[in-house]
Every structure is written in C-alpha cells, then in structure tokens.
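Reader: Hi! Could you walk me through this one? I'd like to begin with the ligand.
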Amino acid sequence: MDKDFRHVTRCRICRSTELYRFLDLGFMPVPNGFRKKEELGKKEKKYELCCCFCETCGHVQLSGVVRPQLMFTNYVYIPSTSKVMMNNFSRLAHQAYVAKSLDEFSLVLDIGSNDGSLLTFFKAYGSKVVGIDPAENISKVAELNGIPTEIGLFNLASANKVKKKYGAADVITATNVIAHIDDLYGVFRGVDTLLKKDGLFITEFPYLLDLIDKLEFDTIYHEHLSYFAISPWKFLVEKFGFEICDLERLQIHGGSIRLTHRRKSSHKNKANRIVDYFINLEEERKLNERQTYDLFSQKVIGLKKSLTELIDGLKKQGKRIVGYGAAAKGNVLTNLFNIGRDKLDYIVDSTPYKLGLYTPGMNIPIFAENRLLKDMPDYALILAWNFANEIMEKQKAYKAKGGKFIIPLPSVTII
Ligand code: TMP
C-alpha cells in the first residue's frame, strides 16, 4: 500500500459508492512538484490521475487522494503576481466589508491564506485578520507582510484552536482552496464552529460547467480533488445547516463561481431564484449524465491531436517554441500530450519561487519572463491560458516584433 495515496471509494459529498470513472489521465507526478537541477537524475513519484462522476449526487471528483502534506507544505503557487487575481480579491473584500459593515472589532479568517494577499485588503479596511495555510514557506511571507498566519490544514480541530486564540469570525473566506480539501464535512464543521451566528462564509472555486464547456481538462490534477457544480454543493451546504445567500460567476481561472453562505434562517432568501436557475442550467446541460463526461474525454483526445500536429509541423519548419506560464495546468498538458524539451526550449514565468527550477515530468527549465523579448522565439505556447489576456498585454513588444502566441484551449488558436 502506498502511504501517500488513497483511492476514493465513496463520494466526498453524499457518500454514495456509485462512482463512474472517466478521463483516465494515467500516472503523473504532482503538478507543482517542480524540481531542482540536482534532482533531475532521480526517479519521480507518479500517482494515478483519473476522474469520477457520482451518479447519486452528480459531484465530480478525483479517483484518489495524494497526501496533502506532500503537495502543500512547501508550496510554489502565489496568486499575488497576477493583477487580475488581486483585483478579484479587492472586490471580494469590498463586498464583504459592505455586507457586514466590518470595523476594527470584526475578525476575518481566510482559509488557504497563501501569502496573505486577500487579507491585506481586509486589513486595509481596519479589520482584524488571521490566515490559516499549510504552506510553511509562504506563511512566513504572509507574516512578513503583517498577516498573522496559523500553519496547518483547516478542519474542526484547527478551527477550535483558532477560535481559542482569536475569537469567533464575522467573515470566513476560502478562495481556490475548497477543491483541495478531502474532508468537506470537516470544513463545514470548522466553519460552523468558528463563524459568528450571523457571519458570512464566502468561497470561490472553478465552476464545473466552465471546465466542461471550455475543455479545461488540464485543471484536473492531484491538488484539485473536487470539481464543483451548484447542485451537489447545495446538498452539502444544507446538510450542515447553511444556505447560499449570494452567487456570482467570475471570469477568473477559466470560469469560477463566488458563493456567499449564511446559517439557514426563516428570513426570505433572495438568492433562491438564482440558485434554482443554476440547478436548472446544470440539468439542461446534462451535468448529471455520464454521456457528458464521456464526450468530454473524447474531445480531450481530439485536442491532443490538433495541438501536437501543430507543434510537430512548426518544429519541422525549424521554428523555436517556448512555453509561457509554468502553471500546474501546463504540467498536466505537457505531460499528457508528451510535449517535452524537444518541443519547448524553456518556459517563462513570473513566480520568483519557480525560476531556475524544472517542470515535473517533462523537466523543462523555467526562466524569468523578460527572456521572451530578449530571445525572441517564434512562438510562445500560453500554458497559463487563464491569464492569456494579461500575458499578451504584458508582452505587447514581443508580439510587435513578430512573436506569435499559441493558446491551447478550448481549441488551438494562433495569435
Ligand atoms: P495558475 O494558472 O495556476 O494560476 O498559474 C499561472 C502561472 O502563470 C503562474 O505560475 C504564474 C504565471 N504567470 C506568468 O508567468 N505571467 C503572468 O503575467 C501571469 C498573470 C501569470
């Protein structure tokens, strides 16, 4: 038995055993398992990567769980290098501030607080803040930024610890982290313990309908245990005595959803209609049917063919291609489509922690973004396609000098 991997036998939301497997991506290294030069000769550990669709509640999830400490203790992903993400956080903080009339006595807790980027906005409004995150390296950065941070995973036990130390929270936020958490019941028990009676729980995650519509198969990786639709999520929320009181779709990360929750009460809930709208939409779009997922898998195979044919053709013409954005999703794409150093000379990325490292599996070297303009390769394959506009705007000069971008999803496009 592998102590770092556990097969999922029951749905994480409804506990059903009716799990239908689809999109078997084989064995892959963890997507943020970047490597140092001296590690390149060593064998990389690979884990099963396959999806399941719960035929009882409709929840889409991975077929297995890699031990979280292995992926999150030393983390390399930080959202604060993106203007789009920071604007998104700023708007979230503003909405919560207005909704709860936050002041200097209010406490905001952020689950998966990373380098504290979201909490800095709440702090600027004068509220007390605390983050919780298992990444020891990035939590240190948050502390240096003046954001008190507890190191650890969020669950009932850590929620009790935080409550003892800081008191109950007016607002709990969790952006792009809930999909990382195996024990969703533990999350809701923790929120229930920590949140004040009339507090708000706000979360954001990529939306399953966008993933399916835009063929975002490369966002499926070991860190993302769940791919949420509203229908199963609502079941979970209500199971723990909460209700969705606001819901909005966001453009970020290829299409996400922001949900605000409060404890269920007898007050009229204005969000009921919009929640019903989404549940109908999901039914209409057949998110609750096997065929949707089979069709999705077939389309991924089609995409592999078109992208690899394009790249092979360009290489035959002697063109030089590099990658843009050493995103986790890029590591899924390059590994699955077998795009190695023979195709991509290197990848440029804005994250300081990733520079000088090599991508997991394909071992492609990572350099700073300014190399693109200096080196002028013929094509840059945008692996971080969720930031394509931000990247192309930043690299206007590369394009003006004749450089071309390739966007891989939802269909291969050259710009
Ligand atoms: P993500 O898709 O997991 O958020 O990762 C995006 C990656 O793209 C991350 O490694 C940072 C990188 N990136 C750039 O290199 N330049 C940019 O302008 C932006 C916004 C992101």
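Author: Happy to. This is a predicted model. In it, an oxygen atom of the ligand sits 3.4 Å from an N or O atom in the side chain of Thr-351.

Reader: Good start. What does the polar side-chain atom of Glu-369 lie 2.7 Å from?
Author: A nitrogen atom of the ligand. Lys-394 also has a polar side-chain atom by the ligand, 2.6 Å from an oxygen atom.

Reader: And how many residues surround the ligand?
Author: There are 19 of them, and the closest are Lys-329, Asp-349, Lys-354, Glu-369 and Lys-394.

Reader: Nice, thanks. New topic: Asp-110. Where does it sit, and is it buried or exposed?
Author: Asp-110 belongs to strand E6, which covers residues 107–111. Its side chain makes no salt bridge even though the residue is buried.

Reader: Then what polar contact does the Asp-110 side chain have?
Author: One joins it to the side chain of Thr-173, at 2.7 Å. Leaving out residues up to four places away in sequence, Asp-110 touches Thr-173 along with Leu-118, Leu-119, Val-130, Gly-131, Ile-132, Ala-174 and Thr-175.

Reader: Great. Let's move to H4. Which of its residues are buried?
Author: Helix H4 spans residues 136–144, and Ile-138, Ser-139 and Ala-142 are buried there. Down the helix axis, the buried residues fall within an arc of 105°, so they line one face of H4.

Reader: Why would residues three or four places apart point the same way?
Author: Because an α-helix has 3.6 residues a turn.

Reader: One last thing: where is Gly-302?
Author: Gly-302 is in helix H10, residues 290–316. Its relative accessible area is 35%, so Gly-302 counts as partly exposed.

Reader: How far is its C-alpha from that of Ser-411?
Author: The two C-alpha atoms are separated by 9.5 Å, although Gly-302 and Ser-411 are 109 residues apart along the chain.

Notes. Residues are numbered from 1 along each chain as its sequence is written. This is a predicted model: local features need pLDDT of at least 70, side-chain atom pairs count only at pLDDT 80 or more; totals for chains, interfaces and linings use all residues. Side-chain values use heavy atoms; hydrogens and water are left out. Buried means under 20% relative accessible area, exposed over 50%, partly exposed in between (1.4 Å probe, protein chains only). Helices (H or I, at least four residues) and strands (E, at least two) are DSSP runs, numbered from the N terminus. The arc is that of the directions from the helix axis to the C-beta atoms. Lys and Arg count as positive and Asp and Glu as negative; His and the chain ends are not counted. A salt bridge is a side-chain nitrogen of Lys or Arg within 4 Å of a carboxyl oxygen of Asp or Glu. A polar contact is a pair of N or O atoms within 3.5 Å; within protein, one must be able to donate a hydrogen and the other to accept it, and residues adjacent in sequence count only if both atoms are side-chain atoms. Contact means heavy atoms within 4.5 Å. A residue is near a molecule or strand if one of its heavy atoms lies within 4 Å of it.
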